[in-house]
Amino acid sequence: MKTGSFTGFDVELRDPGIAWIKFNTPDRLNGFTHAIKRDLVETITQAQMDNAVRVLVFTGSGRAFCAGDDISGQTKAIGGEPLMPPIPPGHDSDIGTYEALRHLSQTLNLAVRNCDKIAIAAVNGVAIQTGMTLALACDFRVAAESAKLGSATLRFGLLPDEGGQYLCVQLMGVAKSMDFLVNKRIVSAAEAMDLGLVHEVVADAGLESRVMQMATDIANGPQVATRLLKRSIYNAADMIFEQSLDEIAAKTAISDHHPDAKEGAAAFRDKRHPHFNQWLVTDNKS
């Protein structure tokens, strides 16, 4: 995948295969534009197809993870190299808003969910609306103690139009989501954890090291089985039990015959730590 500084974010590839994606406009509280979202989708697509990447991490700079869409910044220049050519932002009419949401805004969260590689949100600060939904679309969320999460779209007479209502219901259930969204709540990291919106809360100074530890553990785990499991878990949320049994059986037919499964069994037998992903090591050297 392409690394470097781009419009609105930086991309770094850290060992052992961690794509570290950091939003880099702290003066705008890392607010997103349509151009930033398109470039993030391209970065995620590159990460999906690059065997050198095993885990994705999203985080912010300054005091925000992402405080929502940077509406005021749509016409202001942002430094960095664009990945994708510009296109009209939409929202110029009813159908324009519908198309802009489906093809520009909502595609970012879909790209995160559709990527088979594990995505971690390192929520370093304020995560509102677009920032919150991106974090919720990730597979794991680790928040700094000072972080705050919320949607609060009703404050402006707007809706959580990037899938926030769906993601909240998945994580909190209907009753808590109704309270959270209708009452425009913006919660602390500790309360977000109580609600089930984040997995872990750590001291601000320890966020990066903790997320790197988590990402490294996942990256060193059996990549084929992990990616199949991610897809199977999300599929199970929309399936009846019998369908999920058939679905996991089809994926097990792949994982059971993969070299990682043989290595896992051998390591257990030899009472040693397994060395997974030799296929990736070989591929990256070729």
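Guide: The account below begins with the sheet and then turns to the residues around it.

The model is predicted, so local features need pLDDT of at least 70 and side-chain atom pairs count only at pLDDT 80 or more, while totals for chains, interfaces and linings use all residues. Residues are numbered from 1 along each chain as its sequence is written, and side-chain values use heavy atoms, with hydrogens and water left out.

The sheet is open and has 7 strands in the order S1-S2-S3-S4-S6-S8-S11, with mixed pairing. Strands here are DSSP runs of E with at least two residues, helices are runs of H or I with at least four, and both are numbered from the N terminus. Two strands pair if DSSP finds at least two bridges between them. Strand S1 (4-6) and strand S11 (200-202) stand at the edges with a single partner strand each, so one side of each has no neighbour in the sheet. From one strand to the next, the twist averages 20 degrees.

Within this sheet, strand S6 (residues 118-123) and strand S8 (residues 140-144) pair in the parallel sense over 4 bridges. Valine 123 stands opposite alanine 143 in S8.

Val123 also belongs to the largest nonpolar core, a set of 47 residues, and is one of those that touch the most other members, together with Phe9, Phe23, Leu56, Phe58, Phe65 and Phe180. A nonpolar core is a set of buried Ala, Val, Leu, Ile, Met, Phe, Trp, Tyr and Cys residues joined through side-chain atoms within 4.5 Å. Buried means under 20% relative accessible area, exposed over 50%, and partly exposed in between (1.4 Å probe, protein chains only). A second, separate core of 17 residues includes Ile120, Ala122, Val202 and Met214. Contact means heavy atoms within 4.5 Å; beyond four places in sequence, the contacts of leucine 56 include Ile118, Ala119 and Ile120.

Threonine 43 lies in helix H1 (residues 34-49) and counts as buried, at 1% relative accessibility. Leaving out residues up to four places away in sequence, threonine 43 touches Met1, Phe9, Val11, Ile21 and Leu83.

Serine 146, in the loop between S8 and strand S9 (148-150), is partly exposed, with a relative accessible area of 42%. With residues up to four places away set aside, serine 146 touches Asn124 and Asp204. Serine 146 and aspartate 204 are 58 residues apart in sequence and 6.7 Å apart in space, C-alpha to C-alpha.

Note on methods
Axes fitted to C-alpha atoms, helices over the stretch in contact; angles between N-to-C directions.
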